[in-house]
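Here are a few notes to read alongside the model. Have a look at it first, then work through the points below.

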Amino acid sequence: MVQATLNPKKWVDKYANYLLNYTLVRINDREMAKDLISETFLSALKALKSFKGDSSERTWLISILKRKIIDYYRKTNSAKGRAEVKVEFYGEERDGDWLEERVADPTGKNVENDFANQELKMAIIDCLGHLSERQERIFTMKTIDEIDTETICNEFNITPSNLWVIVHRARVALAHCLEKKGYN
């Protein structure tokens, strides 16, 4: 049975630090990050029977955590209301992973820039939700979680060239989605 591959008793030891770091990158509030991780573990325990074994235990937990983070931002943003924000990108266009380069400047202390980057982050999360589940997982693992190509290829039983095609198509879809949201 697939559930035999899950070991909830070891989740905290094996994944808590990774999940905390993952969450802190997305939510700059340590206590809230801890709460979201606790909620993730509880949701995972409740959903043990739904684990299909299509991904690793860690990837499955991350996918649950991502939804918790999205829910957190939906709650906080709906309470504050919507605001139109002009997003400022730092520096000129560079080669490489365009999406990953459009994150907050860690040296910037400007509140407007922080807010703009939170809005962009939410837009990116929303656009990721429009990708197929497989495409979203592969894109996230490669570009956000920085998991090596070989590991991803082995997990999804794909070739490296197929991986890069999937990542490229995800980037194109995300760019189109962000453009529709006014981020061009």
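1. In which helix is arginine 137 found? Arginine 137 sits in helix H6, residues 133–144. A quick word on what we're looking at: this is a predicted model, where local features need pLDDT of at least 70, side-chain atom pairs count only at pLDDT 80 or more, and totals for chains, interfaces and linings use all residues. Residues are numbered from 1 along each chain as its sequence is written, and side-chain values use heavy atoms, with hydrogens and water left out. Helices are DSSP runs (H or I, at least four residues), numbered from the N terminus.

2. Is arginine 137 buried or exposed? With a relative accessible area of 15%, arginine 137 is buried (buried means under 20% relative accessible area, exposed over 50%, partly exposed in between, with a 1.4 Å probe and protein chains only). Leaving aside residues up to four places away in sequence, arginine 137 touches Asp54, Ser55, Thr59, Glu155 and Phe156 (contact means heavy atoms within 4.5 Å).

3. Now for arginine 30, which is found in helix H2. Arginine 30 comes out as partly exposed, at a relative accessible area of 46%. Not counting residues up to four places away in sequence, arginine 30 touches Leu20 and Leu24.

4. H1 (residues 11–26) and H2 (residues 30–46) pack at an angle of about 135°, their axes 9 Å apart (axes are lines fitted to C-alpha atoms over the stretch in contact, and angles run from 0 to 180 degrees between N-to-C directions). That makes H1 oblique to H2, because angles under 35 degrees count as roughly parallel, over 145 as roughly antiparallel, 65 to 115 as roughly perpendicular and the rest as oblique. H1 contributes Trp11, Val12, Ala16, Leu19, Leu20, Thr23 and Leu24 to the contact, while residues from H2 include Arg30, Ile37 and Phe41.

5. Last, two loop residues to check. Most residues other than glycine have a negative phi. Glutamate 146, in the loop between H6 and helix H7 (149–156), has a positive phi of about 55° although it is not a glycine. Glutamate 146 counts as exposed, at 67% relative accessibility.

6. Asparagine 157 also has a positive phi, of about 55°, without being a glycine. Asparagine 157 lies in the loop between H7 and helix H8 (160–180), and is exposed at a relative accessible area of 71%.
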